[in-house]
Amino acid sequence: MTERVVVFGKTGRLVGVVSEPAARGTRPGIVMLNAGLLHRVGPNRTTVALARRLALGGYPVIRFDLSGIGDSEPRRDELSLERGTLADAREAMDHLAATTGADRFVLVGLCEGAENAFRVAHAEPRVAGAVLIDGYAYPTRGFHIRNWLRHAARLRRGWDYVVGRRDWRVKVRSMLTRANGREHAQEELEAPDLGRLFPPKDAVAGQLRDLMARGVRLLFIYTAIGMSEHYNYAGQLGDTFPFLRGSAQAHVLFMKGIDHTFTLLRHQEMLLEAVEAWARESAPADEDHWPAAASNGRERDR
Amino acid sequence: MAVTRNIRAPGPARPQHLAAPAGPLFAVHHEPASRESARLAVVCCGPFGQEYLRAHRAFYQLAMRLSRAGAHALRFDYYGTGDSWGESHEGDLIRWRSDVVVAATALEASTQLPVALVGLRLGATLAALAAAHRRGIERLVLWEPIVCGRDYLDELARAHRDLLADRKLDARTVAEQDGTTEVLGFPMAPALRHTLADLDLLTLPVRPAPSILIIENDPRPELDDLSERLRALGAQVDRAHLPEPPIWERREMDQSVVPPRTLDHIVSWLQGSGR
């Protein structure tokens, strides 16, 4: 596996790193998008680790900074943020296509990166798969029930302090110690409220149907701690979009005990293994496995 | 004190790999708009782990400011960090000190200019160690340097425990067979832990540079001891207390903090007008 630093795009503003397998094969190219405002190495350097793992598995991978993030300069045209992201992602795919021969692509994104990956996957015919980590989520009855039970458990813990079953002084000391320390965590004590707004569910349902019709393969990963305000049980996505249930194209992984940025090393390894396993099964080298690349209307030779 | 700045457009930024013994280091060379009139080249040495992620934007802005001010600036990732070669558990202070020397040598060769070093937190410490080891560095900026490695390890351990508690993560940290543990999302291999435990800037045997600026965003008594030590070694030490948010501390992925006063002061001082 080798890596090269690349500056690419129509105006030469986008910065990234391409991880290339030792032997050029026919596996799809992987395009890894920024997580929030973090630059292309990802939270806890997980994007680098995943890119290298996938490259060792035979996939050419590009991790890059969208315009205005990390080392990439801002766009100088008048495209909206959403259209600019799509344009940037297309330029990344163009670069991989030109330098590695990949003609179909799998996108990988976390949080806002997952939202971007979903939108780009829908708009770009060359995208044949996507890994969406902590992306869109919509409440269901099952979500509300579990959420209520969680809050009830918290109230009960509070009552335990009132009736003396728990020592409130220990709790206060613990809170003050963390609040006063210079290394005080800025998140709330509960799982952080990411404050995210998702598009209307019906619109996303329509886009999902389009992706399914196109044969696009999707891996949805939800972290139980990171997404607790939005997603709290394994079957929630299937309950939200019942047409996904039983589909061989959609895999859902609900990772219990794991936070949004995969803080613990063993959780990072679980993420890498999960994506690698999905890629082996869902994004192999076999060209017959994939829908035809449709970027310029050409037919695949059979 | 009036500071006059020439505000110019920055020159091009050139991402690249630097050749290093263990594997290529990712770097970005920010050039001034006019190479001919440049008089200064600066290597920017980032902090470790989570702090590196949080400080990335600020270091980018620092390099852009230096470029606009007519200087060369080189940002880079140590081996086993960022986009550089190497796994995350493979770094230690000795290797990273060498990486600073590699970066400084590369920038000097490319620009034929004297090289200054700027470092934040552990990056400041590495800059001081590298300058003391390599010699030939005239100006050194130590932005909130880590003075005592044991204290830093304690600080990291407390921050790690707090993070696990806040996120209700399983606090059992399982050490690998080789003794690697973890802190705030990154591995802490024995080599790094041992080199940090042995670290004490107060025992620097030689002055790292004749002219040194120490920046503190929060007052710390150990920086008084460090100033005294560096002066005893013959360095001219300037101190700057700039109360701005500690940019290296943890925050959400959609937040980024850039400390403008600190960055402007660094640029002014390096140009010789910041005293």
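A salt bridge is a side-chain nitrogen of Lys or Arg within 4 Å of a carboxyl oxygen of Asp or Glu. Keep that in mind for this tour of a predicted model.

**Stop 1: a pair in chain A**

Select Arg104(A) and Asp103(A). Their side chains meet in a salt bridge, at 3.3 Å from N to O. Are these two residues buried or exposed? Arg104(A) counts as buried because its relative accessibility is 7%, and buried means under 20%. Asp103(A) has 23%, so Asp103(A) counts as partly exposed.

**Stop 2: a network**

Now widen the selection. Salt bridges that share partners link Glu3(A), Arg40(A), Arg52(A), Arg63(A), Asp65(A), Asp71(A), Arg75(B) and Asp83(B) into one network. Over all chains, the structure holds 34 salt bridges.

**Stop 3: across the chains**

Zoom in on Arg63(A) and Asp83(B). These two form a salt bridge, and their closest N and O atoms are 2.7 Å apart. The pair crosses between chains. Arg63(A) sits in strand S4 (residues 61–64) of chain A. Asp83(B) lies in the loop between strand S4 (72–76) and helix H2 (93–111) of chain B. Arg63(A) is buried, at 0% relative accessible area. Asp83(B) is buried too, also at 0%.

**Stop 4: an exposed arginine**

Pick Arg76(A) next. Which residue does Arg76(A) form a salt bridge with? The partner is Glu73(A), with the closest N and O atoms 2.8 Å apart. Arg76(A) has a relative accessible area of 69%, so Arg76(A) is exposed: the cut-off is over 50%. Glu73(A), at 28%, is partly exposed.

**Stop 5: the nonpolar cores**

The largest nonpolar core has 65 residues. Which of them touch the most other members? Select Val43(B), Phe48(B), Leu117(B) and Leu122(B).

Stay on Val43(B). Neighbours within four places in sequence are left aside here. Val43(B) is then in contact with Leu74(B), Phe76(B), Ala103(B), Ala104(B), Leu107(B), Val115(B), Ala116(B), Leu117(B) and Val118(B).

Then move to chain A for part of a second, separate core. This core has 47 residues, including Leu86(A), Ala92(A), Ala114(A) and Phe198(A).

**Stop 6: helix H5 of chain B**

Finish at helix H5 (residues 190–197) of chain B. Which of its residues are buried? Color Pro190(B), Leu192(B), Thr195(B), Leu196(B) and Ala197(B). Now show what covers them. The cover includes H2, helix H3 (122–134), helix H4 (149–166) and strand S8 (186–188) of chain B.

Definitions and conventions. Residues are numbered from 1 along each chain as its sequence is written. Chains are lettered from A and ligands numbered from 1 in the order in which they are written. This is a predicted model: local features need pLDDT of at least 70, side-chain atom pairs count only at pLDDT 80 or more; totals for chains, interfaces and linings use all residues. Side-chain values use heavy atoms; hydrogens and water are left out. Helices (H or I, at least four residues) and strands (E, at least two) are DSSP runs, numbered from the N terminus. Buried means under 20% relative accessible area, exposed over 50%, partly exposed in between (1.4 Å probe, protein chains only). A nonpolar core is a set of buried Ala, Val, Leu, Ile, Met, Phe, Trp, Tyr and Cys residues joined through side-chain atoms within 4.5 Å. Contact means heavy atoms within 4.5 Å.
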